[in-house]
Amino acid sequence: MAIRYDKDGKIATVTIDRPEAMNAMDRDTSRQLAEAFQDFDQDEGLRVAILTGAGDKAFSAGADLKKMSGRAEDGNIREVWDQERQWRLGQRLQVWKPVIAAINGYCLAGGLELALGCDIRIASETASFGCPEVRWGILHGYGALRLPKTIPLSAAMELLLTGERISAQEAYRLGIVSRVVPPTELMAAARALADKICANGPLAVRVTKELAWRGQEMSLDEGLRLYAALGALVRASEDAREGPRAFAEKRQPQFKGH
């Protein structure tokens, strides 16, 4: 299996397990990744996922260009490219539970696109980031859409158009990641962050994520209408009554998530 999918309490850990290929994504890996996130989304007992790469060299180096080039010799390159990417996009972004990227090495090309699809990104001090697709005459598609929404446009364009890599500290300075930790502390830091999120109202967390993501593509008026609709859903929940009760009674709330 190219993907390891582990459940521990309310937290799922999804690991891209192709260290010999720098955790590059081929068709089977992309399909297995989508299946893992489908299960995570549907499992009511899970609240947060951590996405990482096996080993200490790479989170993911992106699409497996060696496999793609071999198949392209026998067919239409556009069809091969579409087949490689169809599971990697779209599906993941419909997961409204929080996903944390624990970035432990090379985070390049499609690997950076994966990370940008996560809600929170933390990096090892040894991680590096880049969009090298232009060097190989191909397009950093999803990343070209997301990166200018994540960091200043000029910095995004420099990364997109030069294909050069930056360090974890530079990624932190730009805002690609929210923190940088020693390599040995990466998964513990991701787990501690996941535990903090799990302590909150799960329905409120999911709706907050949806509002934040969808709101980026909306006008203020459209966003306020969505907020009103989603807010009514949360206010009608048992969790919205339990939270204030727990506060008044000076105890930890017991959230149900519905």
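This is a predicted model: local features need pLDDT of at least 70, side-chain atom pairs count only at pLDDT 80 or more; totals for chains, interfaces and linings use all residues.
Student: How many aromatic pairs does a search of the whole structure find?

Tutor: The search finds one aromatic pair. It is formed by the rings of Phe37 and Phe40, whose centres are 6.3 Å apart, and since a pair requires centres within 6.5 Å, the two rings qualify.

Student: Why is the pair of Phe37 and Phe40 called edge-to-face?

Tutor: The planes of the two rings stand at 85 degrees, and an angle over 60 counts as edge-to-face, so the pair of Phe37 and Phe40 is given that name.

Student: Are Phe37 and Phe40 buried or exposed, and what sits over the ring of Phe40?

Tutor: Both Phe37 and Phe40 are buried, which means that each has under 20% relative accessible area. Over the ring of Phe40 sits the charged end of Lys97, 5.1 Å from the ring centre, where the limit for such a contact is within 6 Å.

Student: What makes β4 and β9 the edges of the sheet?

Tutor: The open sheet has four strands in the order β4-β6-β8-β9, with mixed pairing. Strands β4 (58–60) and β9 (165–167) each have a single partner strand, so one side of each has no neighbour in the sheet.

Student: How do you know that β8 and β9 pair?

Tutor: Pairing needs at least two bridges, and β8 (residues 128–130) and β9 are joined in the antiparallel sense over three bridges, so they count as paired. Gly130, for instance, has Arg165 in β9 as its bridge partner.

How values were computed. Residues are numbered from 1 along each chain as its sequence is written. Side-chain values use heavy atoms; hydrogens and water are left out. Rings of Phe, Tyr and Trp (its six-membered ring) pair if their centres lie within 6.5 Å; planes under 30 degrees apart count as stacked, over 60 as edge-to-face and the rest as tilted. Buried means under 20% relative accessible area, exposed over 50%, partly exposed in between (1.4 Å probe, protein chains only). A charge sits over a ring if NZ of Lys or CZ of Arg is within 6 Å of the ring centre and within 35 degrees of the ring normal. Helices (H or I, at least four residues) and strands (E, at least two) are DSSP runs, numbered from the N terminus.
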